[in-house]
Amino acid sequence: MTAQKKGVEIPIQSLEFNPKCRHGPTILFSVKNSDKKYFSCSCQRDHECFYMDFNTFSKKNLNDICTDDNQLNGKKFNSAENNKTESFNVSYSELLALVPSQRTYCKTCEIFTKIVSAHKTHKYIEDISDKLLKEPSLFLPQLDNDTFNAQYFFDSKTLQFINKVFEDLKFQKIVCLGAPRLHDFFRSKEHHSVKTILLDIDKRFKTFNYSEDFIHYNMLNHFFFDGMEDEEKLIKFLKDDDQIRSNICLFTDPPFAARTELLTWTIRQISNMYNKANCYHKVLPILWVFPYFNELHIKKEMPEMEMLDFQVTYMNHKAFREGFKGRKAGSPIRIFTNIEPKYIKYPENFKDYRFCNSCKKFVSISNVHCNICKACPSKNGSTYRHCTICILCVKPNYIHCPKCNRCVPKVDHDCSTYQQHQTCWLCDQKGHVETFCRLNKNNKKGKLGKCFTCKIKKFHNVRNCPLKKMNKFN
């Protein structure tokens, strides 16, 4: 897992006139505290796919940049394109018409084949049942690039939780943005009234879906690989049925290393499409699966998003899973939503969660309510403790350091090194703490339960001082 890349900003406006690579429009990156700007692939930010200096781009005509078809389209995403002689082109309807004994899928070549003997040394699966055909996420080889196409599939507990949320809130349509396992889960249910459409960069899923149920899509730049045809397909899905307002939701499970700026930009584009399709303004409900430590990044872009305490687990991730093989503190993956948490109920058999009457929401049993902070403060699954100097709850393995004016990890703490990586609560600049800030003229230090920047001096610290928000200090 990777946190947000430091030192780089993404000034997103319109991508229409950006140079293109095989994953669609590239992204303009701006290096902080520098004049350097460059275009890079939205998916592969290591420059392997595409890189162009902004100054070079500004001196060229757009039509001169991507005239080479190989550069524009790149290598084919699906290796099956190179195996047409051994595969047979078949639609999902035709696959359903075949008997299971006629369905053989080579995992190595990623194709259906009639000539099994040609794939004897490969990994393949035979006799694919109708139910399994609706759940390709259970047998397709997973992709593992955390930047843009990592595939970790929800386990049964997570699917049970999501299913209950959808049932309680009576969602009728779900846009599955990079969530193939959830899409497969609803398709495979014998009796369900929920319609789903999958938007995913993995083109392999196209073979296992009706045309109207899958869109080859890049969630990091809102790019439809098949153009207007697929864009209109999504608009049709977003539109209310027979002038009756459908209860629709956007659910996304993006790669953990994806930039939140790009994801929120894409979510806004889909939200705008939803409102335009129905000629009215309505907030599109969103459920976004992401690591808890990206909460500040998400709330910076979308302040209305709240983090649920439910720990999302996967059946094919070595650490983020249920049981003794998972992390000691549990999975760090959470669900962020613009739905009020009080409306989200947990299944009754989930004994490791409880309802907090003070917070009016479900939380982990290890998340103990703090009467001083007036919140259930835990983020990572452990039981936080309240620091009377910081006036906030901190992780159990943290102790207060008077020199840093912070609660810091007990192990391997070096004050000078630690302070270089901190952001000052007074000036919001990185590289020092408040004690050594130019705005702290009297070189005051935080004391027990008091704020050293205002006359109130109690019940809060400089981090959340009301005068700090107004840029007024003593």
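## Salt bridges, and the ground rules

A salt bridge here means a side-chain nitrogen of Lys or Arg within 4 Å of a carboxyl oxygen of Asp or Glu. Searching the whole structure turns up 16 salt bridges.

A word on what you're looking at: this is a predicted model, where local features need pLDDT of at least 70 and side-chain atom pairs count only at pLDDT 80 or more, while totals for chains, interfaces and linings use all residues. Residues are numbered from 1 along each chain as its sequence is written, and side-chain values use heavy atoms, with hydrogens and water left out.

## A link across the sequence

Let's start with Lys157 and Asp352, whose side chains meet in a salt bridge at 2.9 Å, N to O. Lys157 sits in helix H6 (residues 156–168) and Asp352 in the loop between strand E17 (333–337) and strand E18 (353–356), so this pair ties together parts that are 195 residues apart in sequence. Helices (H or I, at least four residues) and strands (E, at least two) are DSSP runs, numbered from the N terminus.

How exposed are the two partners? Lys157 is buried, with a relative accessible area of 16%, whereas Asp352 is partly exposed at 28%. The cut-offs, with a 1.4 Å probe and protein chains only, are under 20% relative accessible area for buried, over 50% for exposed, and partly exposed in between.

## Two local pairs

Arg187 and Asp184 also form a salt bridge, with 3.7 Å between the closest N and O atoms. Both residues belong to helix H7 (residues 180–188), three residues apart, or about one turn of the helix. Arg187 is buried at 13% relative accessibility, and Asp184 is buried at 0%.

Then there's Lys342 with Glu340, another salt bridge whose closest N and O atoms are 3.7 Å apart. Here Lys342 is partly exposed at 38% relative accessibility, and Glu340 is partly exposed at 44%.

## An open sheet

Now for some strands. Four of them make an open sheet, running E1-E4-E5-E6 with antiparallel pairing. Strand E1 (8–9) and strand E6 (51–53) stand at the edges with a single partner strand each, so one side of each has no neighbour in the sheet.

Two strands count as paired if DSSP finds at least two bridges between them. Strand E5 (residues 37–40) and E6 pair in the antiparallel sense over three bridges. Which residue in E6 is the bridge partner of Ser40? That's Tyr51.
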